[in-house]
Each structure stands twice: as C-alpha cells, then as structure tokens.
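Please consult the sequence and the structure shown below alongside the text.

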Amino acid sequence: MFAEIITIGDEILIGQVVDSNSAWLGRAFNAAGITVRQITTVGDAPLDLKNALDQASGRAEVVIMTGGLGPTKDDRTKQALCDYFGGKLIVDNEVLEHVRTIFSRLKRPMLDSNLRQAEVPDNCTVLFNKEGTAPGMWFQREGRIYVSLPGVPYEMKALMTEQVLPRLAEYFRDQLTHILHRTLVTAGIGESHLAELIAHIENALPAHIHLAYLPRPGMVRLRLSTYGIRKEAEPEAELDEYVSRIHDLLGEYVLATEDLPVPAIVLSRLKERGETLATAESCTGGYLAHLLTSIAGASDVFAGSVVAYANHVKSGILGVQELTLQQFGAVSLETVREMATGARGKMGTDYAIAVSGIMGPGGGTPEKPVGTVWIAVAGKGQLQTEMFSFSGKRPQLIERTAITALGMLFRFLR
C-alpha cells in the first residue's frame, strides 16, 4: 500500500524553511510497511491544496499533510479541508481548554487568533496535540485516510508516533507488508566501477528485491530493499545472503554493512582497537575535523587537528621542512608525509591523516590542476601516501577529499 506526503507553506517553496518533515515521515512509513509514493509541496493557497489532494487520492491510500495550522491568516489549511470534505468549523472544548492552559502557564494574553486554534472541522477525528496548540485531524473517505498535522517537527513527530501510526496499523492491518533495507557503505571506488563489479548479482536479483546506488562525494552507499513480502516468508535471510555476496565481492571497498556516516565507522573501528587519531589539514580547512567531531563520543579517539593552511604553519607547527616546501611545493607527496608524521608526533596519537590540495576555482597549474589532492596516513612505523585527481566545484572537492582520507585510514587499519 502507498502513502503520499503533502507539505504546505510558501516558506518551503521559497527556500526559507527546509522540509525535514518529509524525510522523517518517509522513514516512519517505511518502518510501518507503507511505501511513500510521492512527496508534494504546495503553497498556502487553498486551491493548490485541493488540487494536490485530488491527485494524491488517485495514487495513495494514506495522505499525510503537514503545515498551515497556525493561528495567523496565512494558515488556511483547516478551512480548505472543511471545503474539501464538506464540513464546517466548530470549537473543540478539550483543545480550547488545552490552549488556555498553555497561555496561562506562559502568563501571556490570549488573542482571538489563539482561540481559533481550537476550531476543527466537524467531520474529522481530532488528534489531541499535547506538545502544542494546533490539533491534528483525521479524515476517512472511500477507504482512504487523510491526516493533517502541524508543521512544527516535534509536534508532528509526537502525533505520528503516538496516534497516527498506531491507528494506521489497526485500520490497514490486513494490507501492510514487510519492508526491509540493508546498506553497504563503500569508499575508494566510483559508482560506475561499482556497478560493473556487481552487475551479475544485480541482474540475478528477484523482482521483490531492489538495489539502489546512493553516491556522495568520496563514497557510495548500496541499499538492498525488499518490498511486498509478508514477514512470515522470512525475507531477512534472503536479503542478508545477497548482502554477503556483494560484501565478499567488493572486499576492501566496504567500510560497513549498516547505514552509518563514514566518520562514525572510522571512529568506531579506532575505539574498538583503543587507538587515537589526529589530523593535519590544508585544503579542507578543518572540514575533516568537523566531520569527526560531529559524531558523539569522538573525544574517545580524536585528539585534535592542525589547520595548516599557510606554509609557515606547516613548517612552524607541523615541522615540515622549508626545503621540502621550496623544492616540492605544498601540494606534494613529500609535504603531506611530513605533515602526517608531524601531526602524529605533536599530538601523540597512534595515527594521523594529512591532506593538501588545490580546491579552486583558481590556483591550479598544468602540472597540478584544480582537484589535485595528496593524502597521507601515518601510524606505527607505517606511512601511506596517495595522489588523487578529483573533479567538481570547491565544496564537492573538499567533501570528497575528507571522505577519501577517512576511507584511506580505514583500509590502512585493516
């Protein structure tokens, strides 16, 4: 069975607000055995919502709307739903008392617009919103379910988790199927090469198993999914068998068989080994350290970073020899080797990563064009250095360099 998500608000269309609700709803529906068929964003105009509902009705058994339930005049979803489902607005006394309690606790005066939060269509089931003032609304028509939820993420999530999903599970209990996903995280290999290596496995997949390639700079995630299979059929074993075959084939390119960020995978491996890491960054400007420290618990492993953007920092802090910089330049095998060993020595870690490159748009030469990157990994008497020729704009080059460096470290550890 299928669901469709409709997000409402001019602020989403003009890019003032990022729609994070749809991503969360997609994951929630997937876990419940419901496939999201389409995500649509409409403005605050009631006619746009009506047209979106008409179209969604032909594609999905469940339609979830978020947004447009605020107290101001630009929030017109409730009246639009009254017009669409043929109801009229009435005051829900439980919601009204809840709104009054909230304003009393905050010691703020209630305005007429706040009182209107208690108005709901008379032909809906009210979903009480204990996290805010705007209630959710549940409509049933011709075997389909339509739910309107507030756009505030934590309010929407609470209503979905505590009320909407349990109701849907009960209403559609004989129609829900089992949806499973397995993800392999790979690095150090491009999407096209990856596809060639596993083509014979992909071509042999049964119809109910889908393989998706999810590339990002420096990495590719492979997601295997089963759809439409009842849980009694034990699809986990079949899916795991294909994951195992792909893992064996790709070997060193696989960083993990669960959907985790590359920095988390690397930090977890180091933590298991009781080892530590430092970084020395030139072209990435601290982005590598940012990725690592965005993972909770990074302090157990990550000691710190030297952002050696200028040559005098490379020499003065990391100990890169002036002669090395003069003779080979900042972007060179020799320089990153000395950066990595210097960082490891200065910070007393088991391993260190060093990166230096040309991110553009200027600064390239015929010998070292934009996208030229040197990466070094140092540790325990070993030193590995590699040059890469990346393509793309500056942000993509920085991200690709950082992820590639982490992938190099992971293989170095292995």
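Leaving aside neighbours within four places in sequence, which residues is isoleucine 375 in contact with? They are Val336, Ile353, Ala354, Val355, Gln384, Thr385, Glu386, Phe388, Thr401, Thr404, Ala405 and Met408, where contact means heavy atoms within 4.5 Å. This is a predicted model, in which local features need pLDDT of at least 70 and side-chain atom pairs count only at pLDDT 80 or more, while totals for chains, interfaces and linings use all residues. Residues are numbered from 1 along each chain as its sequence is written, and side-chain values use heavy atoms, without hydrogens and water.

**Nonpolar cores**

- The largest nonpolar core has 39 residues; such a core is a set of buried Ala, Val, Leu, Ile, Met, Phe, Trp, Tyr and Cys residues joined through side-chain atoms within 4.5 Å.
- Val262, Leu270, Leu277, Ile353, Ile375 and Leu409 have the most contacts inside this core.
- Among the elements giving two or more residues to this core are strand 9 (178-187), strand 15 (351-357) and strand 16 (372-379), and helix 16 gives the most, with eleven residues.
- A second, separate core of 23 residues includes Ile34, Ile64, Trp138 and Met156.

**Helix 11 and helix 16**

- The axes (lines fitted to C-alpha atoms, for helices over the stretch in contact, with angles from 0 to 180 degrees between N-to-C directions) of helix 11 (residues 262-273) and helix 16 (residues 394-413) come within 10 Å and cross at roughly 30°.
- Helix 11 is therefore roughly parallel to helix 16, a term for angles under 35 degrees.
- The contact is made by Val262, Pro263, Ile265, Val266, Arg269, Leu270 and Arg273 of helix 11, together with Ile403, Leu406, Leu409, Phe410 and Leu413 of helix 16.
- Ten residues of this contact are nonpolar, none is polar and two are charged; Ala, Val, Leu, Ile, Met, Phe, Trp, Tyr, Cys and Pro count as nonpolar, Asp, Glu, Lys and Arg as charged, and the others, Gly among them, as polar.

**Helix 2**

- In helix 2 (residues 21-31), the residues Asn21, Ser22, Trp24, Leu25, Ala28, Phe29 and Asn30 are buried, meaning under 20% relative accessible area with a 1.4 Å probe and protein chains only.
- These buried residues pack against strand 1 (2-8), strand 2 (35-42), strand 3 (62-66), helix 7 (153-171) and strand 9.
- Glycine 33, which follows helix 2, has a positive phi, near 85°.
- Helices here are DSSP runs (H or I, at least four residues), as are strands (E, at least two), numbered from the N terminus.

Notes. Parallel < 35°, antiparallel > 145°, perpendicular 65-115°, else oblique. Buried < 20%, exposed > 50% of the residue type's maximum accessible area, 1.4 Å probe, protein only.
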